[in-house]
Amino acid sequence: MDFDKDKAIALLNRIMELELAGVVRYTHYSLMVFGYNRIPVVEWLKKQAEEGLLHAHRAGELVTLLGGYPSLGIGSLLETHVHDIGDILRESLEHENQSLTAYYELLELTQGKSVLLEDYARGLVVEEEMHADEVNKMLRRTGKTGVYETPKS
């Protein structure tokens, strides 16, 4: 393996922490949804939490494969105390983009150097981009086809 193994372990631990933060975040959100669309939104959020746990576990397995020690940390948790569906989705989109950045960093580090890690990173980039797209589409107004743009502050 011709790549910086320590850097890969650090990235995988960061990914694990981000994914575990997502588990907590999506679980919390699923408890805070009210209104007419509660049931499908809660189910989607719970699915995201379950998937985050699987992603964290996979990252941890790769840490140990490389001889590293899996982190016991968790990524940052933002609590705005605002639980409008739009706010939840915007926070989710931000979280998905943070995870996506970490997977791209791992892909860049391992590309052409480790088929295992490159394939793992590439697969998770696809999954995270699909998640971000799903959230983006949920943020769009009915009948609007343009990509949702986060408002500038």
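Reader: Which helix gives the largest share of the lining of the largest cavity?

Author: The model is predicted, so local features need pLDDT of at least 70 and side-chain atom pairs pLDDT 80 or more, while totals for chains, interfaces and linings use all residues. Residues are numbered from 1 along each chain as its sequence is written, and side-chain values use heavy atoms, without hydrogens and water. A cavity is a set of points on a 1 Å grid over the protein atoms alone where a 1.4 Å probe fits but cannot get out, and a lining residue has an atom within 4 Å of a point. With four residues, the largest share of this lining comes from helix 2.

Reader: What is the volume of the largest cavity?

Author: A volume is the space filled by probe spheres set on the grid points, which are joined across faces, edges and corners. The count comes to one cavity of 30 Å³ or more. For the largest cavity, the volume is about 70 Å³.

Reader: Which elements give two or more residues to the lining of the largest cavity?

Author: The lining includes Glu 19, Tyr 26, Glu 51, His 55, His 95, Glu 96, Glu 128 and His 131. Helices are DSSP runs (H or I, at least four residues) numbered from the N terminus. The elements that give two or more residues to this lining are helix 1 (5-31), helix 2 (38-65), helix 3 and helix 4.

Reader: How is Tyr 26 placed relative to Tyr 29, and what kind of aromatic pair do they form?

Author: Rings of Phe, Tyr and Trp (its six-membered ring) pair if their centres lie within 6.5 Å, and planes under 30 degrees apart count as stacked, over 60 as edge-to-face and the rest as tilted. Tyr 26 and Tyr 29 both lie in helix 1, three residues apart, about one turn of the helix. Their rings are 6.3 Å centre to centre with 80° between the planes, and the pair is edge-to-face.

Reader: Why does the pair of Tyr 26 and Trp 44 tie together separate parts, and how far apart are these in sequence?

Author: Both Tyr 26 and Tyr 29 are buried, where buried means under 20% relative accessible area, exposed over 50% and partly exposed in between (1.4 Å probe, protein chains only). The ring centres of Tyr 26 and Trp 44 are 6.2 Å apart and the planes stand at 85°, so this pair is edge-to-face. Because Tyr 26 lies in helix 1 and Trp 44 in helix 2, the parts tied together are apart in sequence by 18 residues.

Notes. 1 Å grid on protein atoms, 1.4 Å probe; cavity = no way out; pocket = protein on both sides within 12 Å on 5 of 7 lines; lining within 4 Å.
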